[in-house]
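Have the structure open as you read along.

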Amino acid sequence: MISAMKRLPLVVLLAILLLPPLFGFSLSGTRVQDQPFDSEEELGKIDFAKPLAENQRKWVEGATVSLLTIGSGDPLYAWFGHTALIVGQPSGGQVMYDYGVFDTEQKNFYLNFARGRMYYAVYESEATWRIQEALDEKRDVKLVELDLTPEATFATIRFLQHNAMAENSTYLYHFYKDNCATRIRDIINAATDGEFRAWAEAQGASGTYRQLAQRYLAHAPVVFWALDFLQGPSIDKPLSRYDQMFLPEELNKAVLDFFPSLAAKEQIVQDTRAEHVRFTAHARNVNNDWVYALAGVIAASLLFMLGRRCRRTTYLLHALILLALGGLGSILLFMMTFSDMDMTWLNENILLVNPLLLLASFSAFRAAFSGRPGKLAGWLYQLLFGAGILLVVAKGVLPTLFVQDNMKVILLLLPLYLSGAALYRRAKGKELQALHP
């Protein structure tokens, strides 16, 4: 009874500290921001079949609208490629319109980014040097002229010019739903009187946002795991082909399929695949859950075996692991509760990785210097291992409720948590044995 009373303050403290994560987990996701320039709404106001005056028709006969697709680049934000529209003018000039352009010098840019308020813009520039820039970076470059009616071509050019004006250029960026490719996709859809979307959605559902993103991230498993960890169930819904066009390469493929006559006219300006300059995105979805499971088992086994010989060193390694996970859990909690990034809301991972791990890391650091096992670290390892097992069971029993595809997170962490719990339990047993031989 006395032992239970001694533990009561700790239990109360843990319960209080768990309230913020639980609050974050229970968010309904109703936060909505105003879109500075809603292109779909603005496109809906335009008549892409409006008859042209004679001078307009004569001008547009010498004009073109082409889709530019640029392959993966070296920075993380360029791994998914880029896309733009290029307007060829009768005079011979070429103007490029690309969305998703950001400026780090923008006021409060990093604060807004952390809060999910990414104000990006459409950029109007001379196309030749922009294409040359991509060529110099050794990125794939493809160009195809869209097969639009003269009326649709003229209206599209007018819309792009209007959108690029300073007062209209800024918009609220969303990685999956409102990026450089989706804005151009919506323009093409409007220019075809909705036929592009109807055709794409009739293709059926295939894959999720998470699965498609993994094709471009699989070459960097640590980066992918961290980004995968921060994103919740909203990116695990089956997608239509129209949704898949958030990726520039998928948009390019869809345009060629929708306009069959364009396939023979596609201009491959540069193809670097044979040069192996950088990674190549997977053509199909990748499932490497077993890699993270194996990594978790190996790391947990090594830590446990090391703990039998170098206990203090093992405590220190656990402290560093808990510190890193606690920091990641704190970022997730912030994004769930204070950020407008809807892809982070209702994230199940907060049950396994949260700020409590920061307290556990302090306990582990103290154990590393004192040689005595910390109660909090060992107790929390047991608690989180149990939570992980319950989450796996819940996914099996209620798959329609627990839809988040986070087995990579669970399979990596469970062995580590079990190893930590076993280490502290074993050390505590030896300590008690020494006190009561």
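Which residues of helix H12 are buried? In this predicted model, they are Pro248, Glu250, Leu251, Asn252, Ala254, Val255, Leu256 and Phe258. Helix H12 spans residues 248–258, and with eight of its 11 residues buried, this helix is mostly covered.

| Helix pair | Axes come within | Crossing angle |
|---|---|---|
| H7 (residues 180–191) and H12 | 9 Å | roughly 20° |
| H14 (residues 311–338) and H15 (residues 356–370) | 7 Å | roughly 165° |

Start with H7 and H12, whose axes cross at roughly 20°. Angles under 35 degrees count as roughly parallel, so H7 is roughly parallel to H12. On the H7 side, the contact is made by Cys180, Ala181, Ile184, Arg185 and Ile188, and on the H12 side by Pro248, Leu251 and Val255. Sorted by class, this contact has seven nonpolar, no polar and one charged residues.

What might explain the spacing of such residues along a helix? An α-helix has 3.6 residues a turn, so residues three or four places apart point the same way.

The other pair, H14 and H15, crosses at roughly 165°. These two helices are therefore roughly antiparallel to each other, and their crossing is left-handed. Among the residues making the contact are Tyr315, Leu316, Ala319 and Leu323 of H14, together with Leu357, Ala360, Ala364 and Phe365 of H15. By class, the contact of H14 with H15 has 15 nonpolar, six polar and one charged residues.

Conventions
Residues numbered from 1 in each chain as written. Predicted model: local features only at pLDDT ≥ 70, side-chain atom pairs only at ≥ 80, totals over all residues. Heavy atoms only, no water. Axes fitted to C-alpha atoms, helices over the stretch in contact; angles between N-to-C directions. Helix = DSSP H or I, 4+ residues; strand = E, 2+ residues; numbered from the N terminus. Parallel < 35°, antiparallel > 145°, perpendicular 65-115°, else oblique. Left-handed = near helix turned anticlockwise from the far one by under 90°. Contact = heavy atoms within 4.5 Å. Nonpolar A, V, L, I, M, F, W, Y, C, P; charged D, E, K, R; others polar. Buried < 20%, exposed > 50% of the residue type's maximum accessible area, 1.4 Å probe, protein only.
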